[in-house]
Amino acid sequence: MKRPFEFIKSLFFFTNLLFWVGGIGMLRAQIPYIFPINTPYQVSTSVIYDMLADHYGQIWLGTNQGLYRFDGKQAYKIPFAETRQNDITRLTEDSQKKLWCMNFAKQIFYLERDTLRLFQPLENMKLEGTMIGFCFTENYIWITTPTILVAFDYKTLQLKKKITTLAIFELIGWKNKCWASTYDGELQGLDEKGNITIIKTNIEQENKLNVNEKFLFVAQRRQNERLVGQIEAENLQKWTALPPIQLSRKFLLYHILTTDENEYWICTQQGAFRWNPFTGETNPLLLNKQVTDIIKDYQGNYWISTLNEGLWCIPSLNIVSFRPPNDSEDNTFFKENDNLFGMQLHNQDMWLSTDEGNLYKMNLSNPNDWQFVDKIDNTGVRRIAIDAQYKKILAGSKIIDYENLQDKRSNIIAKEIALLNYQGKRYALYAHSFGADWIALYNTEEDIAETFLSFPINRQRHTVHKMPAYSIKSGRAYTVCIDSLRQKYWIGYEDALIEYDFEGKQTSLTDQNKKNINAQSLAIDQKGRLYVGSFSNGVFVFENQKVVKHISDKNLLKSNQIRKVTYKYEKVWIATDTEIGYLDPQNETYTDILANNGLSGNLKFQDFQPTPKGIWVALKKEILFIPLQTAKNNPIALRMLPIGFSGVQTKNNEWSEEVSFNIRTIHYKNPAEVEIYYRLLPLETQWRSEKTTQTQVRYQYLPAGEYTFESYTIDKTTGLKSIKQSIVFNIPQRFWETYWFLISISLLIVLGTWLILRYQISRYINKQRLTEQLLRSQLKALQAQMNPHFLYNMLNTVQGLVYTNQKREAGELLGDFSDLIRSTLQASEKEDISLEQEIENLQRYLHLEKARFGDDFQYQIIYNEQSQLLHQEIPSMLIQPFVENALKHALLHKQGNKKLNIHFEIKPQTISIQIEDNGIGRKKSQEIQQRNTLKSTGFGNSAIKKRIEILNQMKKYNISLHIEDLYDTNQIPLGTKVLLEIRNNR
């Protein structure tokens, strides 16, 4: 009696043998359907060295342009932190589920925070020779060249082992050992403690290693054979030789691998091969392609990478493809520009029409048996009708006996054909470009029953190749349907859908809004319900000439553009421009077969035919068979990656204005129909959604508190949901929300208010003080201007004029004197006066002084009389004291001519005043003043400077004063020059 393991092995062998040798008779010589993924927005390069499906289910691609993450729809490039070369291969996950890879420049990388980072210990070591590869045990990373094997503790980054070896060809990690195959026929297993297991395999040339949970396989080439053996996981010392791989030496092995426990593959430079290790048999796939790797995702899709033609996908091994043979010498056989157009299944024969108007037949029991039948027409055959009773094929404009393939031609090119048995006769209802016709098939003129004449409304009778025909209605017709049980038929015209009965009554059918329906396809179920597939408005279901249901993209379908509707096997089959599915009228459920098999959006189909076990689909160059059980029982799941979360660091009590969540769903079957739902509790109670496989959700300015972010995804086609994921996080109180901050702010506000009030009060007091000082200064200036000496001198001058009988001059002088007193008093009441008024006051004052001084005194006031700036204001009584000082201290004691020049330079906001005299100078004037200390000194320089200082402090003006003594070359005084600049700050 065999041991249990030997019995299981024998049973496994027998099961595989039946699968590989037997198969399904009807689908003999089948190959799986495969299609390329080569659009630029998906994978931007056609050179792919390696692939990996990680523990989450993500697909990673190692290419000549770097590492990509692929979600089935789009590829995302992963950046390098640093690298010498972009090529990436040898994708591997370690025991901690971290992704590792290498390039051809002897650099190893690991993935961290969506960036490839360099494994620095290897860079420091500078390993000699070509690096073959690396693998992992629990704690070590093993790296090898043909002659050196090293092991690093990849957690501490310390070098643990360095072994000189002989000609290592391949390296792989399995059962916590590093297994290396060598050119001298050994398989060596090394564990982390240094124990070595050596197995002689008699390898002479190239060898490849492959592992699964149960076995380690070694494939090698020796002479003209490709030998293979295995080590069992239960006995690592036992080597078992398996049957040689049935593969020619011309095929160079790139890779051997397993995609499932019972699925073994070999990748070569001329295609991929399904391999049975217990018989050695290989079945080819994707021939003439340089296949580098094959992986199977968690939903059952197979992904095949090539070295020069990008990425390919097999949605299921159960979906098989049949292509016409390309070695026929018949020049009428399937041409390069001949595309499949329509199909019809009858018994074991599939009848196929093309857009070039040709008709073919394929025998399902022998899929390589394709037969050219006939040339139907030159415009393409859309639909084929089979009359099983009379053994005829009705296609386009021909009626063909399908046993002897003899044909008759009519003058009608049919778009759609429906057959009817009536009163023992056979009739066909044709839809064509010019209307719809009843044709009496296979009957002579004399055999036509008179009751047939009641069918049409327009009884225009004609003959089609000796077959009586009756025109119903002119105008383009697209589709027809007959219900012989209820004696009704329907015709879809370009502008109407009409129902006829066998008595000649007709009724126009409209939608719920009383609008005409442009019907593309019609079907009738066993209860007499009519299904109308429209060109652009979905499917209408009629019962008793009324719409009872509207099937559209708002409830069940992806698209409203209906291509075909048919009723078979108690199901309503619907094809749109993007899907093929069936509606079960009993429970009103809809199943999208293409979406369930990962073909939605990837299949450009022409026609389809349903069967109880699956559907046949015509593509342009091949036909597919999709089993229904694949769509029903395929264990499709929906996975989400862990939600990425950023924006809050509660450990450091930091707060970000933005909190973001990255949501990613892994779904390869039908990513276009994935919808992400999410919400943030307690802020949101209703779910929000986005129709995508990945999205980033942002929240800004969240108040302090605890939050729960929840998310799940759903496939809208199948209703499958992922497991709900959630993240609980806390937004801490901002420092400005704490009690101590509020108390501190309150105290600061009180203190700040007190300081502001104190400052304002101090400022007000200071302003009042300055105003008071200014008023005193103005009063002092007034006193200086109206001092008794000046008044006494003026009165003496007037008295002298009166004594000399110069009454007119005395009157004028008194008038000027009174004007000066009045204007001076007025100026003393104001802080500011205009420049024009100041010049007038100076002119009056100097005119009076000239009367006192006599002809020896000459003065001149220079300014631009036309200037528009004379209205500018200056401090009142500021200039006159300088003029008085010039007269009193500089010119009064001078002998001879006395000159005084006052020059105004007027600019916007700035006035420059230059007062220049030819007096005795300040030094001699001071000497005279010291001798006359008992006499009044008038408004001295110190008082003038003090007043200017007060005016500057009040910020209204910015006044500068510069006094210069004038001398000749012998240092004899020539006078004094005063420069006064007044800037108005307002």
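**Before you start**

Residues are numbered from 1 along each chain as its sequence is written, and side-chain values use heavy atoms, with hydrogens and water left out. Because the model is predicted, local features need pLDDT of at least 70 and side-chain atom pairs count only at pLDDT 80 or more, whereas totals for chains, interfaces and linings use all residues.

**The whole protein**

Show the protein as a cartoon to take in 11 helices and 73 strands, where helices (H or I, at least four residues) and strands (E, at least two) are DSSP runs numbered from the N terminus. Of the 986 residues, 51% are buried, a word that stands for under 20% relative accessible area, with exposed meaning over 50% and partly exposed in between (1.4 Å probe, protein chains only). Among contacts (heavy atoms within 4.5 Å) between residues at least 6 apart in sequence, 52% join residues at least 24 apart.

Select residues 133-136 and 158-164, which are β11 and β14, and then the strands between them in an open sheet of 4 strands with the order β11-β12-β13-β14 and antiparallel pairing. Two strands pair if DSSP finds at least two bridges between them. β11 and β14 stand at the edges with a single partner strand each, so one side of each is left without a neighbour in the sheet. Neighbouring strands of this sheet are turned by 20° against each other on average, direction ignored. Strand β12 (residues 140-144) joins β11 over 4 bridges in the antiparallel sense, and W142 in β12 is the bridge partner of C135.

**A hairpin**

Move to residues 253-260 and 263-268, the antiparallel strands β23 and β24, which are joined by 6 bridges. They form a hairpin with 2 residues between them, and D260 has E263 in β24 as its bridge partner.

Select T115, which lies in strand β10 (residues 115-118); at 15% relative accessibility, T115 counts as buried. Leaving aside neighbours within four places in sequence, T115 is in contact with I78, P79, F80, A81 and Y110.

**A helix pair**

Select residues 835-853 and 880-891, helices α8 and α9, which pack at an angle of about 20° with their axes 10 Å apart. Axes are lines fitted to C-alpha atoms, for helices over the stretch in contact, and angles run from 0 to 180 degrees between N-to-C directions. Show the side chains of E838, L842, Y845, L846, E849 and F853 in α8, which meet Q880, V883, E884, L887 and L891 in α9.

**Backbone details in loops**

At P682, in the loop between β62 (674-681) and β63 (688-690), inspect the peptide bond from L681, which is cis with omega near 0°. K391, in the loop between β35 (384-387) and β36 (392-395), has phi near 55°, a positive value in a residue other than glycine, and is partly exposed with a relative accessible area of 36%. End at Y701, in the loop between β64 (694-700) and β65 (705-715), where phi is again near 55° and the residue counts as exposed at 55% relative accessibility.
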